[in-house]
Amino acid sequence: MSETILRIEELKTYFFTEAGIVKAVDGVSFEIRKGESLGLVGESGSGKTVTAFSVLGIVPKPGKIVGGKIVFKGDNLVGKTEKQLLPLRGKEIAVIFQDPSSSLNPLYKVETQIKDVLLAHKKMTEEECRKRVLELLTLVGIPDPETRMLEFPHQFSGGMKQRVAIARALALQPTLLFADEPTTALDVTIQAQVLDLLEDLKRKLGMSLVMITHDMGIIAKMTTRVVVMYAGRVCEIAKTEDLYEQPRHPYTATLLAAVPRLDRKKTLSIIPGNIPNLIEPPSGCRFHPRCKYADTKCEQDQPKMEEVGPDHFVACYRWKELVLKGESTNHDK
Amino acid sequence: MTNESYLEVKHLVKYFPVYSTGVLTKKQVGKVHAVDDISFDIRKQETFALVGESGCGKTTTARVILNLIEPTSGEVYVDNENIFKKFQSADKQEKMKIRRKLQMIFQNPYGSLDPRMTVCDIISEPFVIHGHLPKEKRCERVYELLELVGLEEYHAERYPHEFSGGQRQRICIARALAVEPEFIIADEPVSSLDVSIRAQILNLLGNLQKTMGLSYLYISHDLSSVRQISHRVGVMYLGKIVELADTDELFDSPLHPYTQALIEAVPIPDPKIKNIKAGLSGEVPSPITPPAGCRFNPRCPYASAECREQSPELTEVKKGHYIACIRERT
C-alpha cells in the first residue's frame, strides 16, 4: 500500500501523579499511511487521546513521554524542543478536539481565531488572510460566511462550532489530522452532517485522518483500518472489514458483541469487571482479568504483536486456537 | 408486559418563563416551550422509551411526571389516580405514598451520589425518609439490595469515590429499588458509561424488570440502546411527540420524516452497511419561538405550505402506531 507518513514505535507516555505513575500509554506501536482513514478505538483510559497528544507534543503535565519514537516523514519528534515542534503543529499535523465549546476561544471572533493559525506559519497580508478565512468557512459549509466570520463562538450552535474548529484545523492543509471524538458532544443528526463533511474534506484534500472514538458505528462508517487499544496498549490492528468480520483478540470480539445496534436486536454480551487501574496495571496481558479465555501464560507474560493475516496484527497468545465471532456475521439467528 | 396501562400522561404542558435582563424591572419576554401538550401511557411491566435530540423535552417530561418541577397544565394518572392532585394536597402521607411508587435514576452517577455518605447510608436513606423499615432490618436489606444489583456486602462501608462509573450507577439503581417502587424513570442511565459497562447496566435493568415486575420510562438519545431494551417508543421533537409505536415497528418502518432521518443518521457497527446519511440539514430551532404549524417543517424535506400553517395532531395510522404528520393521513 501507500507510504507511511507517521510511525509510532514503542511509545511510552507516563503521568507522574502523587498517587503513583500512571502508565497511560505503555509501549504502543502503529503506523499511519498516506491518505488513509485510521480508527483509534478504545474505552476511556485506554490511551487513545494521550497517544495523539504525544504525537503533537502537547501531553499535559505531569505527563511525559518516557520512551519510544514518533517518526514523522523520517524525523523523530520525541525529544524535540517546543521551538522545533511549532512549525509542525497546525501546518503538518492538526487536531480537532472533542468539545468545540471549550476548544474555541470565547473572547475572539471566529475570523481572528483562524487568522491566528495562518499568520503563525505564513506571511500574509490582511486581505489574503480574509480571503482564505472566507474560503475555509465556505469549505466547511457555514452559510453566509461573510457575516458569520465576524461573530463570536457563543453565537454558533454546537455543530457550527465544530465546523469552525474543522476550518481552523484545515487552514494550512495539514497532511495529518487527528479528530479526537469530534462528534461526541453533538446530536445524531448533526453528527451525521459533521462526519459527512470530514469524509468529504479528507477526499478533497488528500490528507490522512485519524479518528479517535469509542463508537464502533463511527469506526465502521469512517475508517479503512483500525487500531484497538486497551489499557495503554494496542491489542489488535486490522483492516476495518476484517476486524468486524473476524476479530482475533478476545477484547475486540467482546467489545463488538457488547454494542447494541439499531438494525436488529441482539443479545448483548457482557465484559465482566472494570477497566484496570493504570497505576498498577495487571501483569502479562492487560486484558487477562476480564478475558474468559485467559490461562496462566496470559497472566505472566506480555503477548507480542503477531501477524495473523494480511495487514492484521494481534497481541494474544491464544489467537490460533480461538474461534471468535465477528459482528458482520449474523450470529444471532 | 401486560396491556393494562399503569401510568397515563394527558396533555402535559411545561413552559419556562424567559425574563428580560433589566436591573430594576423583571419582565417576562417569552417562554420556552419545553413540553407542549404531550400524551402517552406506560403499561404495567413495560419499558417505554422517549427519544429525541438535546432540548426536545425528554428530561423535562420526566421531571414533571415526578413533580420535581410543577407542570404548567395537564394531568398524570397512576393506576387511575390523578397524582398531580395528590402532590398538591396537603396530606404529607399521601404524597410520600406516591413518591414511593415512582423512582428515578439519573444520568450522571458522579453527580447523583453524595460523596460524604457511605454506600450503606445512601441506600438506607430512603428507609429513613419513608420509615417503612424498622432500624434493625435496614442493614440486612441494604445487603440484599447490593446483591440484587451485582455488588458485594463489603461495598456497603465504602464511599462513592471508591467506585467506577458502572458500579456507581448500580448503587443508584439499588437506592431507587430501596422503596420497592412500581415505576422507575431512567434518564440516560448509560450515556456517561463506557461501552463495555453499558451492556452490563442495560442487562441489569432488563433482569430487574422481569424479576420485580417494574415499569420503566427510559429516556435516551441513543437509539441503539433504545431498540435493545424498550417495548414501545415515543419520538420527541421540540416539545412534541411526533411518532409513537412498538419498538420493532418504529425502527423497521418509521413513518414520520423526522424519525426516518434520525434512524438514518445512526452509524451501524458493521462496515458492510454504509447506510448512514445526513438526511437533515439545519438545526433544531429555538424552543422560545418554535416554528408555526408542524414544528419540524423548516427541516422537513417534504414540507408543503399546509405544514407551515397546520399543527398536526398525533393520530393512529396503524394499530398502535401513531404519528403527527399531515402527509401521512392523505
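## Model and confidence

pLDDT is the predictor's confidence in each residue, on a scale from 0 to 100. In this predicted model, chain B has a mean pLDDT of 89, with 97% of its residues at 70 or more, and the model as a whole scores ipTM 0.82 and pTM 0.86.

Because the model is predicted, local features need pLDDT of at least 70 and side-chain atom pairs count only at pLDDT 80 or more, whereas totals for chains, interfaces and linings use all residues. Residues are numbered from 1 along each chain as its sequence is written, while chains are lettered from A and ligands numbered from 1 in the order in which they are written.

## The sheet of chain A

Helices (H or I, at least four residues) and strands (E, at least two) are DSSP runs, numbered from the N terminus, and two strands pair if DSSP finds at least two bridges between them. In chain A, 4 strands in the order 2-1-4-5 make up an open sheet with antiparallel pairing. Strand 2 (20-33) and strand 5 (75-76) of chain A lie at the edges, each with a single partner strand, so one side of each has no neighbour in the sheet.

Strand 1 (residues 4-17) of chain A is joined to strand 2 of chain A by 10 bridges in an antiparallel arrangement; A:Thr13 has A:Val25 in strand 2 as its bridge partner, and a hairpin connects these strands through 2 residues. Strand 4 (residues 63-72) of chain A runs antiparallel to strand 5 of chain A, with 2 bridges between them, and here A:Val71 has A:Asn76 in strand 5 as its bridge partner.

## Strand pairing in chain B

Strand 9 (residues 232-237) and strand 10 (residues 240-246) of chain B pair over 6 bridges in the antiparallel sense, and B:Val235 stands opposite B:Glu243 in strand 10.

Strand 4 (residues 73-78) of chain B takes part in two antiparallel pairings, one with strand 1 (residues 5-19) of chain B through 5 bridges and one with strand 5 (residues 81-82) of chain B through 2 bridges.

## Helix packing within each chain

Axes are lines fitted to C-alpha atoms, for helices over the stretch in contact, and angles run from 0 to 180 degrees between N-to-C directions. In chain A, the axes of helix 7 (residues 158-170) and helix 8 (residues 188-205) come within 10 Å and cross at roughly 15°. That angle makes helix 7 of chain A roughly parallel to helix 8 of chain A (angles under 35 degrees count as roughly parallel, over 145 as roughly antiparallel, 65 to 115 as roughly perpendicular and the rest as oblique). Among the residues that meet are A:Gly158, A:Gly159 and A:Ile166 in helix 7 and A:Ile190, A:Val194 and A:Leu197 in helix 8, where two residues are in contact if their C-beta atoms, placed from the backbone, lie within 7 Å. By class, this contact in chain A has 7 nonpolar, 4 polar and 1 charged residues (Ala, Val, Leu, Ile, Met, Phe, Trp, Tyr, Cys and Pro count as nonpolar, Asp, Glu, Lys and Arg as charged, and the others, Gly among them, as polar).

In chain B, helix 6 (residues 165-177) and helix 7 (residues 195-212) pack at an angle of about 15°, with their axes 9 Å apart, which makes helix 6 of chain B roughly parallel to helix 7 of chain B. B:Gly165, B:Gly166, B:Gln169 and B:Ile173 in helix 6 meet B:Ile197, B:Gln200, B:Ile201 and B:Leu204 in helix 7, and the contact divides into 4 nonpolar, 4 polar and no charged residues.

## The interface of chains A and B

Between the chains, 39 residues of chain A are in contact with 35 residues of chain B. Helix 8, helix 9 (216-222), helix 10 (240-245) and helix 11 (250-258) of chain A each supply at least two residues of the side that touches chain B, and helix 8 of chain A gives the largest share, 7 residues. That side of chain A comprises 17 nonpolar, 12 polar and 10 charged residues.
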